[in-house]
Amino acid sequence: MIVGIGVDLVDIPRFERTLERTPRLRDRLFSPAEQALKPRSLAARYAAKEALIKALGGSDGVHWTEIEVTPEPSGRPWFTLTGSTAAVVAARGITTLHLSMSHDAGFATAYVVAEGTASAATSDAAPPRPEEDPE
């Protein structure tokens with residue numbers, strides 16, 4: 001069952017300027033393996049991490065460097081989660097994360113679908129609204 005979705009879009013030139021102005025962002029946002037990548041690839045990974053946080057419904061207990069986008073041998077991107085971030089995902093009943101990323105024409109985008117149990121879908125759901133008073 002789908003329990004969350006997230007999407008994000010990043011302006012690559014703007015992202016590059018931000019990295020140039022604030023070099024410490026690489027250390028705060030990306031794993032050591034990711035930090036060596038080209039800016040357009042970093043922008044796509046930033047979009048993926050943002051999309052994951054949206055699919056989770058928030059960033060409580062999530063740390064940027066504990067989310068690494070790693071390619072499978074086929075090239076398909078995949079999340080490798082560690083630490084408290086992995087614990088948050090497991091605690092929310094999420095069993096599978098699907099990730100798609102792309103970059104073209106100065107933009108990077110990512111889309112995440114989180115799958116889990118039915119209880120995961122309802123555990124973070126908003127409480128039901130009270131019925132309107134007819135008077």
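Q: Does Asp8 count as buried or exposed?
A: The call rests on relative accessible area: buried is under 20%, exposed is over 50%, and partly exposed is in between (1.4 Å probe, protein chains only). Asp8 comes in at 12%, so put it down as buried. Bear in mind that this is a predicted model, in which local features need pLDDT of at least 70, side-chain atom pairs count only at pLDDT 80 or more, and totals for chains, interfaces and linings use all residues. Residues are numbered from 1 along each chain as its sequence is written, and side-chain values use heavy atoms, leaving out hydrogens and water.

Q: Which residue forms a salt bridge with Asp8?
A: Side chains of opposite charge can pair when their charged atoms come close. The rule here is a side-chain nitrogen of Lys or Arg within 4 Å of a carboxyl oxygen of Asp or Glu. For Asp8 the partner is Lys54, with the closest N and O atoms 2.9 Å apart. Lys54 is partly exposed, at 41% relative accessibility.

Q: How many salt bridges does the count come to?
A: Three. One of them has Glu34 and Lys49 meeting at 2.9 Å, N to O. Glu34 sits in helix H3 (residues 32–35) and Lys49 in helix H4, 15 residues apart, and Glu34 and Lys49 are buried. Another is Arg76 with Glu72, whose closest N and O atoms are 3.9 Å apart. There, Arg76 is partly exposed at 38%, as is Glu72 at 29%.

Q: How do I read ring pairs, and how many aromatic pairs does the structure hold?
A: A pair of aromatic rings is described by the distance of the centres and the angle of the planes. Rings of Phe, Tyr and Trp (its six-membered ring) pair if their centres lie within 6.5 Å; under 30 degrees between planes is stacked, over 60 is edge-to-face, and the rest are tilted. This structure has three aromatic pairs. Take Phe15 and Tyr46: 5.5 Å between centres and 40° between planes, which is tilted. Phe15 is in helix H1 (residues 12–21) and Tyr46 in helix H4 (residues 39–56), so the pair bridges 31 residues of sequence. Phe15 is buried at 9%, while Tyr46 is partly exposed at 22%.

Q: Which other ring does Tyr46 pair with?
A: Trp64: the centres are 5.3 Å apart and the planes at 0°, so call this one stacked. Trp64 is in the loop between H4 and strand E2 (67–71), so this pair joins parts 18 residues apart. Phe15, Phe30, Tyr46 and Trp64 are linked by ring pairs into a cluster.

Q: Which residues touch the most other members of the largest nonpolar core?
A: A core here is a set of buried Ala, Val, Leu, Ile, Met, Phe, Trp, Tyr and Cys residues joined through side-chain atoms within 4.5 Å. The largest has 30 residues, and Phe15, Leu52, Phe79, Leu97, Leu99 and Val112 touch the most other members. Helix H4 gives the most to this core, with ten residues.

Q: What runs between E2 and E3?
A: Two strands pair if DSSP finds at least two bridges between them. Strands E2 and E3 (residues 77–81) run antiparallel and are joined by five bridges, with Glu68 partnered by Thr80 in E3. The hairpin has five residues between the strands, and Gly75 takes a positive phi near 100°.

Conventions
Helices (H or I, at least four residues) and strands (E, at least two) are DSSP runs, numbered from the N terminus.
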